[in-house]
Amino acid sequence: MVTSTPFAAPGAPTDLVATAGTGQVSLSWAAPSGTGGSALLGYRIERSTDNGVTWTVAVGSTGSTLTSTVLTGLPGGVTQTFRVAAVSALGSGAFSANASATPVGAPTAPASISVTPANGQVVVSWTAPITDGGSAVASYQVERSLDGGATWTVAAASVVGLTTTVTGLTNGANYAFR
């Protein structure tokens with residue numbers, strides 16, 4: 001007499017949640033209810049930047065049965081859609097439902113800066129950054145240098161708006177601002 005136990009691909013993970021961070025997304029999910037009779041070896045994670053029209057492999061196999069991971073190095077302001085599949089000796093099983101998140105990134109530098117000197121002070125003005133990294137700019141920091149940009153000190157912190165007046169400067173000194 002010969003016996004055999006057939007195996008099937010694992011079921012789909014459930015409850016996928018994507019949580020955005022700075023340049024990263026944290027993913028968590030629940031293990032599939034059925035493994036197909038074979039032990040789980042890890043999870044395959046795919047991502048899409050076009051709402052699931054096309055997919056790329058983010059992680060071929062996590063190599064672990066942990067049901068969470070953090071994907072780093074993601075661009076800010078770009079919505080990412082994810083799906084997860086359990087991996088066994090038979091390969092990848094069915095994918096979970098999709099979950100999306102939009103990581104935040106650093107804003108680009110202000111597009112231009114100008115200064116208007118006066119007695120012992122300078123009015124510094126700039127234009128808003130071209131991109132805000134996916135989150136509204138809350139404030140700006142203005143720095144000044146007396147040595148051509150080799151060292152910088154904060155001249156104005158937490159400036160709301162696109163202009164500030166820097167006071168306490170020495171007339172005739174050559175300041176650089178950023």
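Reader: What makes Arg-44 and Glu-46 a salt bridge?

Author: Keep in mind that this is a predicted model. The closest N and O atoms of Arg-44 and Glu-46 are 2.8 Å apart. The cut-off is within 4 Å, so the pair counts as a salt bridge.

Reader: Why is Glu-46 called buried?

Author: Glu-46 has a relative accessible area of 8%. Arg-44 sits at 22% relative accessibility, which makes it partly exposed.

Reader: Which other residue does Glu-46 form a salt bridge with?

Author: Arg-83, with the closest N and O atoms 2.6 Å apart. This pair links distant parts of the chain: Glu-46 belongs to strand β3 and Arg-83 to strand β6, 37 residues apart.

Reader: How do you know that Arg-178 and Glu-143 form a salt bridge?

Author: Their side chains meet at 2.6 Å, N to O, and the limit is 4 Å, so they qualify. Here too, distant parts of the chain are linked: Arg-178 lies in the segment after β14, Glu-143 in strand β11, and 35 residues separate them.

Reader: What joins Arg-44, Glu-46 and Arg-83 into one network?

Author: Salt bridges that share partners. Glu-46 pairs with Arg-44 and also with Arg-83. The structure holds 3 salt bridges.

Notes. Residues are numbered from 1 along each chain as its sequence is written. This is a predicted model: local features need pLDDT of at least 70, side-chain atom pairs count only at pLDDT 80 or more; totals for chains, interfaces and linings use all residues. Side-chain values use heavy atoms; hydrogens and water are left out. Buried means under 20% relative accessible area, exposed over 50%, partly exposed in between (1.4 Å probe, protein chains only). Helices (H or I, at least four residues) and strands (E, at least two) are DSSP runs, numbered from the N terminus.
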